[in-house]
Amino acid sequence: MVKTLQKTDVVLVGVGWTGGILAAELTKKGYKVVGLERGKERKTEDFLMGHDELRYAQRFEMMQDLSKETITFRNNEKMRALPMRQYGSFLLGDGLGGSGSHWNGMTFRFLPYDFQIKTLTEERYGKNKIPQNMTIQDWGITYDELEPYFDKFEMMAGISGEENPLGGPRSNPYPTKPMLAPLPAKMFIESSKNLGLNPIMIPSANLSESYTNPDGISRAACQYCGFCEKFGCEYGAKADPVVTVIPVARQTGNLEVRTHSNVVEILHEGNKATGVRYIDTQTGEEFIQPADVVAITSYVLNNTRLLLTSKMGKPYDPKTRTGVIGKNYAYQNEGGNTAGFFDDKEFNLFAGTGALGACIDDFNGDNFDHTSLNFIHGANIAMSLTGNRPIANNSVRPGTPSWGKEFKAESLKYANRNLYIYAQGGSMPYAHHFLDLDPTYKDQFGNPLLRITFDWEEQDRKMNEFMGGQTSKIMKEMGATDLVTYSERGTYDIVPYQSTHNTGGVIMGDNPETSALNSYLQMWDFENVFVPGASAFPHNSGYNPTGTVGALSYRAAEGIDKYLKNGGSLV
Amino acid sequence: MSEQEKKEPILDKRSSRRTFIKNSGLTVGGIVLGGALGSLLGKDSTTETHVHSEATASNANVALMYFTPNQYRITEAAAERIFPADDNGPGAKELLVAYYIDHQLASGWGTGAKEYTTGPFFPAESTQGFQSSLNRQQIFEIGLNAFENHSLKTYEKSFTELSEDEQIAILTDFSEGKVELKGMTSTYFFNLFRSTTIEGVYADPLYGGNKDMEGWKMKNFPGHQMSYVDIIEKEEFVKLEPMALNSQHNH
Ligand SMILES: Cc1cc2nc3c(=O)[nH]c(=O)nc-3n(C[C@H](O)[C@H](O)[C@H](O)COP(=O)(O)OP(=O)(O)OC[C@H]3O[C@@H](n4cnc5c(N)ncnc54)[C@H](O)[C@@H]3O)c2cc1C
Ligand code: SF4
């Protein structure tokens, strides 16, 4: 029997970065918030004995249990989608803090160009520059409007960085100085300067120095321990919802977090949601949590899935190109990377942090002329030093066998003598890339899995070729003895890990016909439902998403406050 | 010492072998031993068996959770070809990688506990990833059998009795997809076997491989350290004594 609980002001579906930010901002204002999180509680001390590559990085200790829920995938509509049975291309967060507990912490702001991509591309290059089936659109908000929220997120997290001459204007400098630069980062910086480029240290949520944020939360400096991404931080140095926003919300006495609570349905009547239905995964008991506002904060994929299974908003139809839920799924076009091997140097590559390194934006967004190029947008080109752990890092020069005597000797020789420059490219949406419900495969509760239809396009291939030229130039300048550039782009393959930067599905915009959310991340069709996350991105930029996700979450929190005060549609 | 016994560290001491024989209730006369006991003892039951080291002898982890002794022997021999002993240091055998693999197969990873194993199962495009109903225990059972059968077919010898070059030739056939396997390609099994071997070389010794952190030492990897703040900006290479996770526990 379903038990109906007492009504709350706001219910959160998932307590990761987006849920955590909403929890802090709304409880501070006095609202009662219930956070429903399907995974377990987490604390900093859980990671005291956590430098275990096998457990965390190879066996995905902190990720969602795929036996209970996964996605299905196909490259195009002619294929039968099949379940992602094991982890590969991307990882899914689970437990208090979500992926915010085991992220790297590279914290960028999307470029002013991103938010007005359609208008600005057409202005500079003409309408024909955008291929017929590429469905880019403006975001319904400008960089300048979003700037104060970027600032809020960076102040809360204590981002360590330096001014980017090619980024959008900032109201404040980064709250903490850039991370310490290891030798390879210094070499990258010097070499790209020699080439006339504009290098900076990667903006990092790993904390270069101890820091107290505006909420009064103090955190220690990063120890460069080398067990960061896919791991929790035993020092609380890495900005993680568990050590930043969640304690602030808890301190108010207005947040109740219920772990092991899996939301299976958003309940609604007319143009309003009434609450959510969830299952206690430990006992199987079912509950209804009524609320004035429902915030869907369950990461891109479940944000989309929950709206589709709850029959909210108009599902996207790729044939007619109408409808919005599931539209504009995009990813991260990481390609055109160069590996360099240094016979005369041995670096301390075992040391590092999730967001340590240097990068350039000279070939990102519209920072360079695309007139004679067959693609739009670009990539942040970076060299990161995340700590080369030994199971995952066995780089050998091309032509070396992958096992046996020669492999052993070469992989040992180059263990601390190989560097990697990668181009993290923007990913444009296409009419035939989308999310919908799988007709065959179900989750642990019998609900349909989300189906991803996605592939690389000519745009991606051309971008990779171009970026390969840039990354190899820098690597040569750095003095690599041998180098190899990977610019080939076949079909999208879900097996190798690429990045957990899925975007789209519940996108924002200025028109209910072409978007699901307004600029407060409020649903056009359901005024008390807010959906913050990278699911709101109409396309993905050449950056990691969370800086922009964080900014949008602060904006959504403001929207919820306005809505609870005045009601109605905010735009 | 016979070739067979060199590859047979299961019974590390003569005493344990004697006890086993006594307890099993079988007599070991001059008569040909059949079945399990015969293969366990090898050809010459009176010679000394190989003892890894003092540490191994007292290492309670050096025992089997999942493999049959025969599966263990094949795994140990094949893993040594993937990551052989050389001038740099020990190979997979001495690093106890086969025990690592055994222990992993006995865990939830062996049965795919955290993977989506619900049907239906359909043939897949390569971009869609693993789509078989087999779990890793079953994959290893099929794959190790196939190492053995392919050896018998090609050389009329057991995989563990082949020369190094012959073992390499067998593994190469697998890696190139030349051997027919039930439910998967031989390349799939080879790649899984290879990556699991590499894990056993470099995972924290708590998992049973990477004996005495020798895998890390060869690679100049310091394992688990609390902080690198003092060395992160150093331009010269800093060599550190590695530490394993057990350094955090008091016994
Ligand atoms: C290994 C890794 C490295 C990363 N590195 C970076 C980086 O360097 N820079 C960057 O910008 N981004 C990075 N990211 C991405 C970043 O972690 C995400 O953008 C961010 O966490 C998204 O916040 P979110 O709230 O949308 O999702 P999450 O933080 O994942 O939170 C979602 C939460 O919802 C819960 N949930 C899901 N479904 C339900 C349900 N039905 N009921 C109840 N709860 C549910 C989940 O368990 C989870 O806790 C990385 C991600 C990974 C996996
Ligand atoms: S590298 Fe720094 S931020 Fe990352 S886990 Fe280690 S101490 Fe924490």
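Which residue forms a salt bridge with B:Asp86, and how far apart are the closest N and O atoms?

1. The model is predicted. The remarks that follow concern the ligand shell and the interface of the two chains, and every value in them is computed from this predicted model.

2. The opening question is answered by A:Lys408, which forms a salt bridge with B:Asp86. The closest N and O atoms of the pair are 2.9 Å apart. Across the interface of chain B and chain A, the rule finds four salt bridges, one of them being that between A:Lys408 and B:Asp86.

3. Polar contacts between chain B and chain A are counted as 38 residue pairs, with both residues at pLDDT 80 or more. On the side of chain B that touches chain A, the elements giving two or more residues are H5 (69-82), H6 (97-106), H9 (164-175), H10 (186-202) and H11 (214-219), each a helix of chain B. H10(B) provides the largest share of this side, with six residues. By class, the residues on this side of chain B comprise 37 nonpolar, 21 polar and 14 charged.

4. As to the extent of the interface, 70 residues of chain A and 72 residues of chain B take part in the contact. The area buried between the two chains is about 5800 Å². Carbon and sulfur atoms account for 57% of that buried area.

5. Turning to the ligand, 32 residues lie around ligand 1. Those that come nearest are A:Thr18, A:Glu37, A:Arg38, A:Met106 and A:Thr546. The shell divides into seven nonpolar, 21 polar and four charged residues.

6. Three elements of chain A each supply at least two residues of the shell around ligand 1: helix H1 (17-28), strand S10 (261-269) and helix H8 (299-309). Of the elements, S10(A) gives the most, namely three residues.

7. For A:Thr18, a side-chain N or O atom is 2.7 Å from an oxygen atom of the ligand. For A:Thr546, a polar side-chain atom lies 2.7 Å from a nitrogen atom of ligand 1. For A:Asn302, a polar side-chain atom is found 2.9 Å from a nitrogen atom of ligand 1. Ligand 1 on its own has 1000 Å² of accessible area, and the protein covers 98% of this area.

Technical notes:
Residues numbered from 1 in each chain as written. Chains lettered and ligands numbered in written order. Heavy atoms only, no water. Near = heavy atom within 4 Å. Polar contact = N/O pair within 3.5 Å; in protein donor to acceptor, adjacent residues only side chain to side chain. Areas by Shrake-Rupley, 256 points an atom, 1.4 Å probe, with all protein chains shown as cover. Helix = DSSP H or I, 4+ residues; strand = E, 2+ residues; numbered from the N terminus. Nonpolar A, V, L, I, M, F, W, Y, C, P; charged D, E, K, R; others polar. Contact = heavy atoms within 4.5 Å. Buried area = accessible area lost by both parts, 1.4 Å probe. Salt bridge = Lys/Arg side-chain N within 4 Å of Asp/Glu carboxyl O.
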